[in-house]
Amino acid sequence: VFMLPRQYFLTTCGSHALAYHTPMQKVIRRNSALLLFGDIFSFIIGLFITLTLRYGALPSQYLFIVHAIPFGALMSLWAAVFFITGLYDTHIPLIRRDTPALILKAQVLNMLLAALFFFVFPVGITPKTILALYLIISTTLIVCWRLFVFPVIQRGSMTRAVIVASGEEAKKVSQALNCNAQFRCVCTEVIDIHRYASTALL
């Protein structure tokens with residue numbers, strides 16, 4: 001039995017699947033919900049900025065609503081694409097330099113789905129230029145949100161972790177925890193189980 005202070009959680013890896021205990025599970029759920037909220041907000045602000053640039057002036061209430069209705073329906077689909085591509089799997093290590101590329105891939109797919117949507121369903125608008133602008137603006141906003149704003153919001157007390165494992169997988173987990181602020185967790189020690197004759201000695 002491992003007795004750790006409340007601010008700790010214990011995870012094992014190697015030949016076993018990672019086991020996140022209650023504190024880490026709460027962090028994962030909270031982070032995923034916060035990321036989703038920020039993404040949706042970025043989608044909405046991105047639409048407003050896109051319409052402003054497209055028409056050279058702040059969009060009227062009518063113009064914004066006409067576009068917000070179909071785009072609002074698409075936002076749920078776009079969030080599902082983000083989920084499928086793993087952008088809400090905050091328990092999976094995602095290096096900061098890989099985030100923009102993954103978001104861009106998801107966004108290109110989202111715009112293709114949007115183009116298909118507007119082609120199949122006559123909603124009264126054919127936003128070809130708007131979709132191109134929206135791809136650039138919304139992607140930029142989401143990347144900035146995830147790389148710069150989200151980590152600032154997540155600052156605060158950090159959960160300390162002890163990893164009981166061996167091999168390269170243990171090192172990768174430790175590096176992922178220490179290099180990704182969104183986990184709000186820092187690995188304080190990696191215990192190599194191969195150094196002990198029995199796990200009972202731990």
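Biologist: Is phenylalanine 64 buried, partly exposed or exposed, and why?

Modeller: Buried means under 20% relative accessible area, exposed over 50%, and partly exposed in between, with a 1.4 Å probe and protein chains only. Phenylalanine 64 counts as partly exposed because its relative accessibility is 22%. This is a predicted model, in which local features need pLDDT of at least 70 and side-chain atom pairs count only at pLDDT 80 or more, while totals for chains, interfaces and linings use all residues. Residues are numbered from 1 along each chain as its sequence is written, and side-chain values use heavy atoms, leaving out hydrogens and water.

Biologist: Why is the pair of phenylalanine 48 and phenylalanine 64 classed as it is?

Modeller: Rings of Phe, Tyr and Trp (its six-membered ring) pair if their centres lie within 6.5 Å; planes under 30 degrees apart are stacked, over 60 edge-to-face, and the rest tilted. The structure holds eleven aromatic pairs. In the pair of phenylalanine 48 and phenylalanine 64, the ring centres are 6.0 Å apart and the planes stand at 65 degrees, so the pair is edge-to-face. The pair links distant parts of the chain, 16 residues apart: phenylalanine 48 lies in helix H1 (residues 22-55) and phenylalanine 64 in helix H2 (residues 61-84). Helices (H or I, at least four residues) and strands (E, at least two) are DSSP runs, numbered from the N terminus. Phenylalanine 48, at 33% relative accessibility, also counts as partly exposed.

Biologist: Which residues form the aromatic cluster?

Modeller: The cluster consists of Phe43, Phe71, Trp78, Phe82, Tyr88, Phe117, Phe118, Phe121 and Tyr134. Phenylalanine 121 belongs to the loop between helix H3 (99-120) and helix H4 (128-153), and with 46% relative accessibility it is partly exposed.

Biologist: How many salt bridges are there?

Modeller: A salt bridge requires a side-chain nitrogen of Lys or Arg within 4 Å of a carboxyl oxygen of Asp or Glu. By this rule there is one salt bridge. Aspartate 39 and arginine 146 form a salt bridge, at 2.8 Å from N to O. Aspartate 39 in helix H1 and arginine 146 in helix H4 are 107 residues apart, and the pair thus joins distant parts of the chain. Both residues, aspartate 39 and arginine 146, are buried.

Biologist: What is the order of the elements in the protein chain?

Modeller: The chain has five helices and three strands, and from the N terminus they run β-α-α-α-α-β-α-β. Of its 202 residues, 40% are buried.
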